[in-house]
Amino acid sequence: MNRFVSNFTNKLDSKGRVSIPASFRAVLARDGFEGLYVHPALDAQALDAGGNTLLNEIDAFLSTLSPYSDERDQLSTALFGTSEILKVDPEGRVILTDSVKVHAGIGDTVTFVGLGHKFQIWEPERFRAHLEEARTKVRDLKKALGTRVVEPRMVQNTSPGVREQ
């Protein structure tokens with residue numbers, strides 16, 4: 001799989017290292033990025049992390065903005081100016097720097113959360129609160145979508161396994 005999925009909670013060891021989940025390491029290895037790209041999330045007290053896929057997505061997004069616009073400069077500062085490239089040791093561990101730990105409120109335990117093209121690193125209690133809020137919003141969205149009228153679809157009158165010519 002080429003996506004970050006699921007969530008995992010791991011403790012930092014006495015030297016401040018934390019193991020990246022094996023399934024996340026496998027995605028990073030296929031991605032070919034040396035290390036782990038990390039920046040403070042723009043809309044949460046968490047860290048966004050990934051490799052080349054995340055960096056390519058950021059570059060693609062920034063390329064939609066005028067090269068000399070304030071918006072592009074501000075986003076570049078937020079996404080690149082506060083980012084770090086962390087070294088992954090042979091056992092798949094990284095040391096989270098004090099600056100990224102402070103942003104996310106991380107102590108001695110972190111939760112890794114897959115978001116497909118990237119993953120986030122959270123303080124576990126903050127993640128639980130964020131997850132509950134997300135579930136509430138999704139339930140509300142499901143209710144709203146369930147009340148929408150959907151246009152009928154055209155149904156073909158063919159038997160299963162029969163191909164049209």
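Modeller: Happy to! One word of care before the record comes in: UniProt annotations may be inferred rather than shown by experiment, and their positions follow the numbering used here. Also keep in mind that this is a predicted model. The unreviewed UniProt entry places a feature called "domain: SpoVT-AbrB" at residues 7-52 and 83-126.

Now to the pocket. The largest pocket has a volume of about 160 Å³. Its lining includes His39, Asp48, Ile58 and Leu79, as well as His117 and Lys118. Helix α2 (residues 52-62) gives the largest share of that lining, four residues. Sorted by class, the lining has five nonpolar, four charged and two polar residues.

Let's zoom in on His39, one of the lining residues. His39 sits in strand β3, which covers residues 36-40. Is His39 buried or exposed? His39 has a relative accessibility of 2%, and buried means under 20%, so His39 counts as buried. And what is His39 in contact with, once neighbours within four places in sequence are left aside? The partners are Leu47, Asp48, Ile58, Ala78, Leu79, Thr82 and Ser83. Among these partners, Asp48, Ile58 and Leu79 also line the largest pocket.

Technical notes:
Residues are numbered from 1 along each chain as its sequence is written. This is a predicted model: local features need pLDDT of at least 70, side-chain atom pairs count only at pLDDT 80 or more; totals for chains, interfaces and linings use all residues. Side-chain values use heavy atoms; hydrogens and water are left out. Helices (H or I, at least four residues) and strands (E, at least two) are DSSP runs, numbered from the N terminus. Buried means under 20% relative accessible area, exposed over 50%, partly exposed in between (1.4 Å probe, protein chains only). Contact means heavy atoms within 4.5 Å. On a 1 Å grid over the protein atoms alone, a cavity is a set of points where a 1.4 Å probe fits but cannot get out, and a pocket is an open set with protein on both sides within 12 Å along at least five of seven lines; lining residues have an atom within 4 Å of a point. Grid points are joined across faces, edges and corners, and a volume is the space filled by probe spheres set on the points. Ala, Val, Leu, Ile, Met, Phe, Trp, Tyr, Cys and Pro count as nonpolar, Asp, Glu, Lys and Arg as charged, and the others, Gly among them, as polar.
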